[in-house]
Amino acid sequence: MMKTLLEIKNLKTHFFTHEGVVKAVDGVSLKVDRGKTLGIVGESGSGKSVTALSILRLIPQPPGKIIGGEIYFEGQDLLKLDNKEIRKIRGKKISMIFQEPMTSLDPVFTIGHEIIETIQLHQGLNKKEAREKALEILKIVGIPDVEKRIDSYPHELSGGMRQRVMIAMALSCHPTLLIADEPTTALDVTIQAQIIKLINDLKKRFHTSVILITHDLGVIAEMCDYVAVMYAGQVVEYAEVFTLFEKSLHPYTQGLSKSIPRLNKEVEKLQVIPGMVPNLLNLPPGCPFHPRCSYNFEKCRSENPELIEIEDSHLVKCHLFTEKR
Amino acid sequence: MKWYIIKRLLMLIPVLLGVSILSFSLIHLAPGDPAITIAGEHASIQTINAIREKYGLDKPITTQYWIWLKQVLKGDLGRSIVSNESVTKEIADRFPNTFELTMFSMFFAIIIGCIAGIISASRQYSILDYSFMGLALFGVSMPVFWLGIMLMMIFGVFLKWLPISGRISMMISFQQITGFYLLDSLLTGNFEAFISSLRHLILPSIALATIPMATIARITRSSMLEVLRQDFIRTERAKGLSERMVIYKHAVRNAMIPVVTVIGLNFGLLLSGAILTETVFSWPGIGRYIVNAVNMRDYPAVQGCILFFAFMFVIVNLITDIVYVYIDPRIHYG
Amino acid sequence: MDRKNNQLKETRTQELIRRLRYNKSATFGLIIVLILILCAIFANYLAPNNPSPSPPELFNALKPGFWSQKGIEGMPLGTDALGRCVLSRLLFGARVSLSAGFVAVGIAMILGITFGTVAGYYGGWIDAVIMRIVDIMFAFPALLLAIVIVTVLGQGLSKAMIAIGIVYTPQMARIIRSSVLYIKEMEYIEVQKAIGSSDRRIIFHHILPNSIAPVIVYGTLMLASAILDCAALGFLGLGAQPPTPEWGAMLSKSYSYIVSGAWWAATFPGLAILFSVLGLNLLGDGLRDILDPRLKI
């Protein structure tokens, strides 16, 4: 069995709007190994979600379009599949959990119906068998009183419960890859921890690989094996989770880690990255981060650096390190 | 569910009371002596006195209302000045024709309107979308009576495909059972009568269906577009459902919620339209009856029709509310 | 101060016009409405003939228009059953229909704004009573209610206008009421109350000026329906009476002649109604999109 489950090569997803072309994802390359968790971190608008949606080809088109790159999943390029083939991957081999549990479930069907529908679609079971399976998976994700709750409508459940239902639905067909797009952002802090723990437990139980999208470095530290940091539609740093926290190289990543409070360190002044997230319609020339970067020099303003491997499994996209090589 | 319906029924009482008061005042607001208004200008003194006696017209107005209301609740809507027939019977005779016409039209309007709206929304900005919505725009601005005349002229007079007026060909002898022509002709096995009454139904139905069809198409489209933008649609796609399932099962079910309201509201327009359509096509229904009654100053008949129409409309709104609960689980029965 | 205000208003109007022009269908609607208004104003200059010559020129009855050899010079859209020029009657009909629409909507606005404001501003039992009456009026299909009122008032154009005005009142009252309820909760109204402004002052200086957008939008859409309903009443013989050149009445007097092939006398008045209503609907929809997206239904 191959070690690599998913490999994204030079993905470009652009949005063609009235105001101009938004290069939401512009040349992203990533890798996810079997059974491992990759975290994607970045500010809003950095292209994290678009990358995730591109994997399942769920980009709304128009205005969005995947204009280049390859996404190999179990050796197969997802971008070359026809609509019917990609539908067999969705929900079965790759599932997705979304940010907003409040609006991500169809309000006019019961949660049981939603899960049974998924199971029947991919496993060819009859309604009764599918219902059994649905009950089982709902129990696993920790829904109390499942026999009753399976016939509830989404509005009758709390946000945390709905996110558990989303997870149950995503895992109902034992996918090899789970994409979680900010699964806890919309939830209360106490519920957040429960959901993260649940995903972590289920990942081990089902040997599922996970892509976790978040802007919360704490969650990354807790869950991930590898981390990709995105900025303005590009990956700026990719490393193992410890490497990234201990010796991050890119100025943006360093800024990010300084902007979260930590308990285990001496009281240090919390820092904020100066400047604003760049307008994707009008990116600065050269490295898109240079206007906010305190290290920026001549070359940063004219030339966009390449993502290069500094040491084993540690890649960074910054002119500060191109020189070293 | 049962309690919800009971509650809605109780809520109807004040509205129906108001409707009855308005209908009652019609006679009293009309110029002249109410007894003469009810009996007609050419009635004999005896008749007028009998009416005065029956409705207690010398008593205080509130007493008069109660006397009148009791009669109405017993099903007595008075006698037509023109025909001297019971108004209840005249309405009952004409009701099946109006019912067939409005139901047939509404059926057309809902089916075609919803389909056009769904297609338009799922292919937003396509040529099909633009043509449907262009037609719908003309549809909502259409003077029903003119459309009826145009249909009559093109398909009846010039092409001679369909009959231009009446409920059934006069050449056909026909036995009435329930008053519903389509039903009766089937029950008696009179195939010729069935075809003839169906052919007579086509043009008026199209004319009457146009406005609700256009309105339904427009609201279905905008409602669908709104639903298709929502998060759960992405969830359904991520599950691996086909686009057909996403649109026709999940999106349509959600989009129908506002559409049902509009369908309910359109029944009012439909009844207004029926008055015009029946006049154009000489359709022997309640709409034409009320127009004739107004022109002949046949107040008891007008009053009866108003009560009847308002009652129908209220019932339709009640049905709408109940259907609503069935398709939207978020509405509580309580 | 005044001048500054004027300037502000001007830029607002300018912005409105700019956004209207961006909205193609609204522009199209505006053009139709402008043509309609011009026809109505200049009917006596534009019309080639007297719309209602007396005595009728019966020898000219039901002659076709420019498309036929049998037509008469100077009557491009043919003649009706009484030998009257269809085009001239259409142009004068614009005057009748448009003014009827304006009067009806005007009545609905005056009554609707009064009742709606009172109900929304004072609330309590006044609100309850007004809204129950509104509910009862909504229990009648619009045209039926108009017919009822005409039955009481008697037939004729002016009575039809009043009837339609009354029929549209509850709708206007509801719109105004919800708008007033919304504005009433705003902070600056609270401030006005706190500094002791009178109810009258608050209503006329603060609440009504801010309710103007829905009034304009729904007024335009209502004008479309008013023209349609007025024509419908005319068609049923309950509105304008002959020889008034009203579109609905023109239709009802000439549609029996289509059997003998005289299609023009019934076709053109209907087209006139259709395009007037279409134009006002387009304009109303456009104004709604521009002025207040919140109002979308």
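Q: Let's start with A119(C). Is it buried or exposed?
A: A119(C) is buried, because 24 other C-beta atoms lie within 10 Å. The cut-offs are 20 or more other C-beta atoms within 10 Å of a residue's own for buried, 12 or fewer for exposed and in between for partly exposed, with C-beta atoms placed from the backbone.

Q: Before I go on, what kind of model is it, and how are things labelled?
A: This is a predicted model, where local features need pLDDT of at least 70 and side-chain atom pairs count only at pLDDT 80 or more, while totals for chains, interfaces and linings use all residues. Residues are numbered from 1 along each chain as its sequence is written, and chains are lettered from A and ligands numbered from 1 in the order in which they are written.

Q: OK, back to A119(C). Which element is it found in?
A: Helix 4 of chain C, residues 86–122. Helices here are DSSP runs of H or I with at least four residues, strands are runs of E with at least two, and both are numbered from the N terminus.

Q: And what is A119(C) in contact with, leaving aside neighbours within four places in sequence?
A: I126(C), D127(C), I130(C), M131(C), A173(C) and R177(C). A contact means that the two C-beta atoms, placed from the backbone, lie within 7 Å.

Q: Which helix crosses helix 4 of chain C, and at what angle?
A: Helix 2 of chain C (residues 24–41) does, at roughly 105°, with the axes coming within 7 Å. Axes are lines fitted to C-alpha atoms, for helices over the stretch in contact, and angles run from 0 to 180 degrees between N-to-C directions. That makes the two helices of chain C roughly perpendicular; the label covers 65 to 115 degrees, with under 35 roughly parallel, over 145 roughly antiparallel and the rest oblique.

Q: Which residues make that contact?
A: Helix 2 of chain C gives L36(C), I37(C), C39(C) and A40(C), and helix 4 of chain C gives L91(C), A94(C), R95(C) and L98(C). By class, that contact has seven nonpolar, no polar and one charged. Nonpolar is Ala, Val, Leu, Ile, Met, Phe, Trp, Tyr, Cys and Pro, charged is Asp, Glu, Lys and Arg, and the others, Gly among them, are polar.

Q: What about chain A and chain C, how far apart are their closest C-alpha atoms?
A: 14 Å, and no contact joins those two chains.

Q: Now chain A. How many helices and strands?
A: 12 helices and 12 strands. Of the 325 residues of chain A, 45% count as buried.

Q: Why is strand 3 of chain A described as largely enclosed?
A: Because five of the five residues of strand 3 (residues 37–41) of chain A are buried. T37(A), G39(A) and V41(A) point one way, and L38(A) and I40(A) point the other way.

Q: What does strand 3 of chain A pair with?
A: Strand 8 of chain A (residues 209–214), parallel, through five bridges, and strand 9 of chain A (residues 226–231), also parallel, over four bridges. Pairing requires that DSSP finds at least two bridges between the strands. I40(A) stands opposite I213(A) in strand 8 of chain A, while G39(A) has V227(A) as its bridge partner in strand 9 of chain A.

Q: And the open sheet in chain A, what's the strand order?
A: 2-1-4-5, four strands with antiparallel pairing. Strand 2 (20–33) and strand 5 (76–77) of chain A stand at the edges with a single partner strand each, so one side of each is left without a neighbour in the sheet. Helix 1 of chain A (residues 48–55) lies across strand 1, strand 2 and strand 4 of chain A.
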